[in-house]
Structures are given as C-alpha cells and as structure tokens.
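Here are my notes for a colleague opening this entry for the first time. Please keep the sequence and the 3D view at hand while reading.

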Amino acid sequence: MISPSAATLGLVMLPGGAFIMGADDRRRDERPAHQVIVAPFRAAERPVSNDQYAAFVEQTETSPPPFWTQRDFCIPKAPVVGISWHDAVAYCDWLSDVSGAAFRLPTEAEREYAARGGIECADWPEDTESWPTDHVRATVAQAEHPHVPTEACRNAFGLYCTADNVHEWCSDWYDRNYYASSPEVAPSGPVSGVRRASRGGSWRHRIKFTRVSARSSLSPNYRYNDYGFRIYADAE
C-alpha cells in the first residue's frame, strides 16, 4: 500500500494573520471574542480518510478503528472515525517519518482560522445565515454516517467539511475559560487539562452543522464514531 504524502493529502497553504476568534453572543466558552494572530500554515483539504488510515494500520500493525466492522464506517474516501487523540497523534508521527515532512494536529486557533475560510465574524464557512439550511446540503443534513466530502461543504480556503461530518481533534487541552487569558500570538491552549479540544460538526448529532467558533472536547482516550482528525503542518 502506498504511504500518504504531502501531495496525496492535498495540503492547502493558508496565509495566516490576525482574526477575531470566538463570539461574544454565543456560548460561554466562546467568550470573549478576541484577536488572535496565527502564522502561515498548511491544512489538508479533507479529514483523514479510511483508506489513508489503512496504510498506517497496515504498516505499523496498529489495531484498526473499532467501527471498521460496520459497513457505514469503512467507506474508503469517508473520514475515519473511532480515533482517539492519541491515535491521531500517532498517525501524525508515523506520517512525518514516512514522508519526511512534519505533520501534526492543529491548535484550536488554527482550526477556527481554517474553518472560517477568511471570513470574519461569521457563524458558517460562508457569510450567510442560510448556510446550514441551504438545499445543496440537504443530503449531508440527512446523513446517518460519515460522508465522503462534497463540494457543497467546501469553504473559501478550499477545505471540505469544516462545519460538518466529524469532530476533529485539536492539539490543545480544553479549558472553557481559556479565552479570558489567551495570548494574542499563536495561542496553543492550557499547559494541562483533562479533555482535549475538538472542532467541527457531527453526522451523529440531530443538527449536523456546527458554527465555526463552537468548541467541543473529549477525553483523549475515548474513541467515538463521530471523532476523526485532519492533518496540519507548518508553512514550508
């Protein structure tokens, strides 16, 4: 099996810069809205897929995700799920070794910047309130399993599924009050914690789409069938 590489992962170069992270009129852990500066970085167009993760399983003799025995969770081009935070980090480390590039999970700040697609102070990857109810996303709204990314879910940066499909792990520890003391430049989260931060929507939820500033978290040891991840890297 061919190992994934920077080329096959479809990395997109993002310019970085200053943006307003969070939202004062939303949930408590999204407050206060505050300016953040992130350096340029690269992000994969799509979450890591089942066929990409299969190379890691095969070459490292890692146990396969627990949901691969179910038809809906082993679609080759759909996001892999049932991945713990530790699994995601191990994949990044393996991919770094076999490709010669340094891959990692994103900080929460990078993930929100990427999800916004260059649009300031909006709830969705497009600057429109109708985004989650638009008819072109009707199939996604009815999904009962992770779906293969579609053009309807692509943002202005060219990234798919930043507000839907599966939750994506971030590198940060989660703290609901972190924004009150977050540094302006390249915040990377608290130094310790119990849960790791995650972002993005979920096929499993009644409402499939999640605002780009919304935060979520989970124990890094858990493997849920709506948790996956996406590959990030520093700018070259």
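This is a predicted model: local features need pLDDT of at least 70, side-chain atom pairs count only at pLDDT 80 or more; totals for chains, interfaces and linings use all residues.

Which residues have the most contacts inside the largest nonpolar core?

1. **The main core.** The largest nonpolar core has 23 residues. Tyr53, Tyr91, Trp169, Phe229 and Ile231 have the most contacts inside it. Two elements, α1 (50-60) and α2 (85-99), each give two or more residues to this core. The largest share is that of α2, with 6 residues.

2. **A second core.** There is also a separate core of 16 residues. Val36, Ala114, Leu159 and Tyr232 are among its members.

3. **Tyr53.** Look at this residue next. Setting aside neighbours within four places in sequence, Tyr53 is in contact with Val48, Pro65, Trp68, Val80, Ile83, Asp87, Tyr91 and Phe229. Tyr91 and Phe229 are, like Tyr53, listed among the core residues with the most contacts.

4. **Helix α1.** Which residues of α1 are buried? They are Asn50, Gln52, Tyr53, Ala54, Ala55, Phe56 and Val57. These buried residues pack against α2. Just after the helix, Glu61 takes a positive phi of about 60°.

5. **How α1 meets α2.** The two helices pack at an angle of about 80°, and their axes are 11 Å apart. Angles of 65 to 115 degrees count as roughly perpendicular, so α1 and α2 are roughly perpendicular to each other. From α1, the contact uses Gln52, Tyr53, Ala55, Phe56, Gln59 and Thr60. From α2, it uses Asp87, Ala90, Tyr91, Trp94 and Val98. By class, this contact has 7 nonpolar, 3 polar and 1 charged residues.

6. **Helix α3.** Why does α3 (residues 108-116) count as largely enclosed by the rest of the structure? Because 9 of its 9 residues are buried. The buried set includes Glu108, Glu110, Arg111, Glu112 and Arg116. Tyr113 and Ala114 are also buried, and Ala114 belongs to the second core. Just after α3, Gly117 takes a positive phi of about 60°.

7. **Thr162.** This residue lies in the loop between α4 (138-141) and β5. Is Thr162 buried or exposed? Its relative accessibility is 3%, so Thr162 counts as buried. Leaving out neighbours within four places in sequence, Thr162 is in contact with Arg111, Ala115, Pro125, Cys153, Asn155, Gly200 and Arg230. Arg111 and Ala115 are buried residues of α3.

8. **Ser171.** Strand β5 (residues 167-173) holds Ser171. With 26% relative accessibility, Ser171 counts as partly exposed. Not counting residues up to four places away in sequence, Ser171 touches Trp85, Leu105, Pro106, Thr107 and Arg196. The side chains of Ser171 and Asp172 are joined by a polar contact of 3.3 Å. Ser171 and Ser217 are 46 residues apart in sequence, and 11 Å apart in space, C-alpha to C-alpha.

9. **Where to look again.** Return to the packing of α1 against α2. Tyr53 and Tyr91 take part in that contact, and both are listed among the residues with the most contacts inside the largest nonpolar core. Then compare Thr162, which is buried, with Ser171, which is partly exposed.

Definitions and conventions
Residues are numbered from 1 along each chain as its sequence is written. Side-chain values use heavy atoms; hydrogens and water are left out. A nonpolar core is a set of buried Ala, Val, Leu, Ile, Met, Phe, Trp, Tyr and Cys residues joined through side-chain atoms within 4.5 Å. Buried means under 20% relative accessible area, exposed over 50%, partly exposed in between (1.4 Å probe, protein chains only). Helices (H or I, at least four residues) and strands (E, at least two) are DSSP runs, numbered from the N terminus. Contact means heavy atoms within 4.5 Å. A polar contact is a pair of N or O atoms within 3.5 Å; within protein, one must be able to donate a hydrogen and the other to accept it, and residues adjacent in sequence count only if both atoms are side-chain atoms. Axes are lines fitted to C-alpha atoms, for helices over the stretch in contact, and angles run from 0 to 180 degrees between N-to-C directions. Angles under 35 degrees count as roughly parallel, over 145 as roughly antiparallel, 65 to 115 as roughly perpendicular and the rest as oblique. Ala, Val, Leu, Ile, Met, Phe, Trp, Tyr, Cys and Pro count as nonpolar, Asp, Glu, Lys and Arg as charged, and the others, Gly among them, as polar.
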